[in-house]
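Hello, and welcome to this structure. Here are a few friendly notes on its aromatic rings to read alongside the view.

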Amino acid sequence: MRVIFAGVGEAFDEYYDNTTLLVTTGSGKRKRQLMLDCGFTAAHAFWRVSQNPMDLDAVWVSHFHGDHFFGLPLILLRFWEQGRTKPLTIVGQVGIEEKAITAMDLAYPRFRPKIRFPIEFETVSPGQDLDLLDFRWSFAENGHSSPCLALRLDCGKMSVFYSGDGSPTDQTLSLAARCDLIVHEAYGLEKEQLGHGTVDLCIEFARKTKAKALALVHMNREVRRVNADAIKKKLAAMEGLTAFLPEPGEYFDIQPSAC
């Protein structure tokens, strides 16, 4: 399994695209490609890093803030422009179909009826498991200002946890237990941030879950600009935990033997 950090930024960062991950696994006809969150600028980041963008199988939307789903119309329209026929699945919490359709109709009126590839919606809830595209998808609610679902993907003996936005909860702590890779929003540093994770909180979270690796994303733009070097040094010094602050385009490979 490969996790590509297509975008790693927060909503207002002019230098880093909105956080969006590309998860790939398998090969040949069993190759799968998932996009995790699709904000304002995420679609452009996706096309920059995906070797086969038209092969995208599914998009996950963690919650309904614009920097996590307002890129959907651009994804759909470009697929239409390029003549896509392969189905695309969009997965999210209650309201995902209505939100996606409304966004498309507002962004590009009268284009949705022209789309010739099937768009399939999967609505999920906290505590639910979903078997889709050779992955087991599991969900728990994060601590955020808008209802946000953290996601765990399991494929064989490989696993990745993606927080979306928000601070850890007892439910996400359980969901992320012994994951190969945790990708967590870390908006601030050591102080608590209402509705958000922090660097220290995420490190503590990864330690508690006994995860093997931790990547911090969605960091406040000023925090990152001023403190990136210090944060990277702190993460690199972690013992018993591979921890890093990814740059756009960086990737992390998970091997089955890691489990």
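1. A residue is called buried when its relative accessible area is under 20%. Phe5, at 0% relative accessibility, therefore counts as buried. Please keep in mind that this is a predicted model.

2. How many aromatic pairs does the structure hold? There are 12. In one of them, the ring centres of Phe5 and Phe244 lie 5.8 Å apart, and because their planes stand at 90°, the pair is edge-to-face. This pair links distant parts of the chain, with Phe5 in strand β1 (residues 2-7) and Phe244 in strand β13 (residues 242-244), 239 residues apart. Phe244 has 13% relative accessibility, so this residue counts as buried too.

3. Next, have a look at Phe40 and Phe70. Their ring centres are 5.6 Å apart with planes at 80°, so this pair is edge-to-face. Here too, distant parts of the chain are linked: Phe40 lies in the loop between β3 (32-36) and α1 (42-49), Phe70 lies in the loop between α2 (66-69) and α3 (72-81), and 30 residues separate them.

4. Lastly, two arginines are worth a visit. The charged end of Arg224 sits over the ring of Tyr16, 4.4 Å from the ring centre. Arg84 has its charged end over the ring of Phe117, 5.5 Å from the centre.

Key:
Residues numbered from 1 in each chain as written. Predicted model: local features only at pLDDT ≥ 70, side-chain atom pairs only at ≥ 80, totals over all residues. Heavy atoms only, no water. Phe/Tyr/Trp six-rings, centres within 6.5 Å; stacked < 30°, edge-to-face > 60°. Helix = DSSP H or I, 4+ residues; strand = E, 2+ residues; numbered from the N terminus. Buried < 20%, exposed > 50% of the residue type's maximum accessible area, 1.4 Å probe, protein only. Lys NZ or Arg CZ within 6 Å of the ring centre and 35° of its normal.
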